[in-house]
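Please find below a colleague's note on the model under review.

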Amino acid sequence: MKIHEYQAKEILRRYGVATPRGRVTDDAGAARAICEELGGRCVVKAQIHAGGRGKGGGVQLAKSPAEAAEHAGRILGMQLVTHQTGAEGQRVRKILIEEAADIAEELYVAVTLDRAAGKPVVIASAAGGMDIEEVAAEDPQAIHREPFDPLLGLLPFQARRIARRLGLSGDTANRAGKLVTALATAYVETDASLAEINPLMITAGGDVVALDAKMSFDDNALFRHKDIVGMRDLAEENPLEVEASKHSLNYIKLDGEIGCMVNGAGLAMATMDIIQLSGSSPANFLDVGGSATQEAVTNAFKILVSDAAVKAVLINIFGGIARTDRIAGGVVAALRELGGAKVPVVVRLEGTNVEEGRRILRESEFDFLVAETMADAATQVVAAVKRGG
Amino acid sequence: MAIWLTRETRLVVQGITGKEGKFHALGCRDYGTRVVAGVTPGKGGESVEGIPVFDSVEQARREAGANASMVFVPPPFAADAICEAAEAGVELIVAITEGIPVADMLRVRAFLRDSPRVRLIGPNCPGIITPGQAKIGIMPGHIHRPGRVGVVSRSGTLTYEAVWQLTGLGLGQSTCVGIGGDPVNGTNFLDVMQAFATDPDTDAVILIGEIGGDAEETAAAWIAESCDKPVVGFIAGRTAPPGRRMGHAGAIVSGGKGTAAAKMEAMRAAGIHVCDSPAELGATVARALAGR
């Protein structure tokens, strides 16, 4: 789960991380007063979940309250396009207004999971304010990695080493060490999957401040973090994905034309891949769960066909413990409940009692295209789209 | 004799009194697995279809001689169940549970460092099966047949798909291992490949990976150096968008790392027969074996 910058800063402040003074608002009219409160110079920052906001015009410096009001009016309600939003962009509903900072240096620190080591890792770089992926690609030496034991937390000597590697010394190094330790503690205690400060600012006076902050969390651990669940912003998520999550379906909207319904995440990805190999593109990822119950199939089908981009549907189910004939019955019942489908539907069933399952599909009142293998299914569904188009 | 699981293995099912736990405990027993005990704290002394239930794994080990465990405990308590089994001296722990927090698995990994003889498979996996002998997990037993191809995968139904292709071609399986779809797990591709490479009953291996992490690359590097047996590979998720978790918690391309393209490239460089299409897995094994 992702949260906004202002929410991440709220969490990090609880752990003792310094952030610029500021306030969040959804009201452009409030910008002038907030800017005055902050001393007359401020930064207006669009709050959306995607990164790259600055390049897209979603972060603006205001040298006066009037200018702040002007920026706020323009940014609130805009469709902000960044490299992470896709071409349609993301509508800005909230802005964070912060005091303008007096930047001496911009650094980078983050905590994330080192999968191979099975440990959290602090990633630090003196090249802050830039895309860290680009830094990693161009100059791997510029990035320091400090894995730490999840049971012990980040140890003081490790924090000191990180500060040294950031090129800091004296009081500033001590402050940076404390901040990195706080960031690591916040990461562990909130079950975060990413806690990132980019840039981490060193002020002219040697203070260490989180100028930006980004956090995301392990969905599997949300059951023990009710406060974080309360920060979820459904407006930032695709409406079809929100609908799917209500039915415990794993659905991700993509930009292709063939709706896919599959049981199991690996098979679902493989089905998307084989659609592409066959000359078309998947409109979504959708895992209806290993047992593919009638209820799951019905809900999944509703979501698939409510996507206007879908020109045909491919249902690929491997019935293992769940018998294929029961699944076929579920697919037919789902279509009856929905009053049929307006697009061609290719069904590929395999596994237990598959002959009976295919017979149920063929003898139903619907014109299913019944496929025998995955390759056959992909070929048929792509052909159906080409015919229709 | 295949790897890690045989008809001699004695299984305890943790969480046997839950609906799923009971269903799959009986499924394993029907397949031929010796299910000697169940564990549900507070329900010791009961029995599930003739399987004695104990309060602790320690008791199940002492009184029923269990040396393997299948974990069906709900996510908030699953890490504790795994540690309990390890501490009791159970050598093979198969964690089926989906949805265990990553932080809990990090603690489990740290705990298991004190138990080097314990093998954890999973979590969030279909389990392990040695066809014709025994299964510990939720896979449909009847799609398998005994034979000489090893299968290792991060996925459930995609593994069944591969097994079904093999069985359809008359190629049986020595052992099939689902290592699970989570970012932090117990057994990885490398561990399974090392076991298959020295298993006299395995002639070839199918390795089914997916986007996220670098476990496939690590295994490929080892295969290039140390594995003489033909390996057929597939990576799911070449069409997955970066930054999105594709169902499995571990299936995510982040920071440009863990792409299907990079994994396929590493596998090809290691001499692995990489399939572009998941429909070609069985046929590719058949060709690789014929070409030896």
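1. Basis of the note. This is a predicted model, in which local features need pLDDT of at least 70 and side-chain atom pairs count only at pLDDT 80 or more, while totals for chains, interfaces and linings use all residues. Residues are numbered from 1 along each chain as its sequence is written, and chains are lettered from A and ligands numbered from 1 in the order in which they are written.

2. Chain A. This chain holds 13 helices and 18 strands; helices (H or I, at least four residues) and strands (E, at least two) are DSSP runs, numbered from the N terminus. The C-alpha trace spans about 80 × 50 × 40 Å along its principal axes. Of the 389 residues of chain A, 48% count as buried, that is, with 20 or more other C-beta atoms within 10 Å of their own, C-beta atoms being placed from the backbone.

3. Contact between the chains. Chain B gives 47 residues and chain A gives 43 residues to the contact, two residues being in contact if their C-beta atoms, placed from the backbone, lie within 7 Å. On the side of chain B, the elements giving two or more residues are α3 (75–87), α4 (102–112) and α5 (157–168).

4. Nonpolar cores. A nonpolar core is a set of buried Ala, Val, Leu, Ile, Met, Phe, Trp, Tyr and Cys residues joined through C-beta atoms within 7 Å. The largest has 206 residues, and those with the most contacts inside it are A:Leu183, B:Val71, B:Ile82 and B:Ile93. A second, separate core of 22 residues includes A:Cys42 and A:Leu96.

5. Sheet of chain B. Seven strands form an open sheet with mixed pairing, in the order β3-β4-β2-β1-β5-β6-β7; two strands pair if DSSP finds at least two bridges between them. The edge strands, each pairing on one side only, are β3 (47–48) and β7 (119–121) of chain B. Strands β2 (residues 34–39) and β4 (residues 51–54) of chain B run parallel and are joined by two bridges. B:Gly38 has B:Val53 in β4(B) as its bridge partner.6. Helices on the sheet. Helix α1 (residues 19–31) of chain B packs on the sheet, and its direction makes about 160 degrees with that of β2(B); axes are lines fitted to C-alpha atoms, for helices over the stretch in contact, and angles run from 0 to 180 degrees between N-to-C directions. Helix α3(B) also packs on the sheet, touching β1, β5 (68–71), β6 (92–95) and β7 of chain B.

Terms used: Buried ≥ 20, exposed ≤ 12 C-beta atoms within 10 Å, placed from the backbone.
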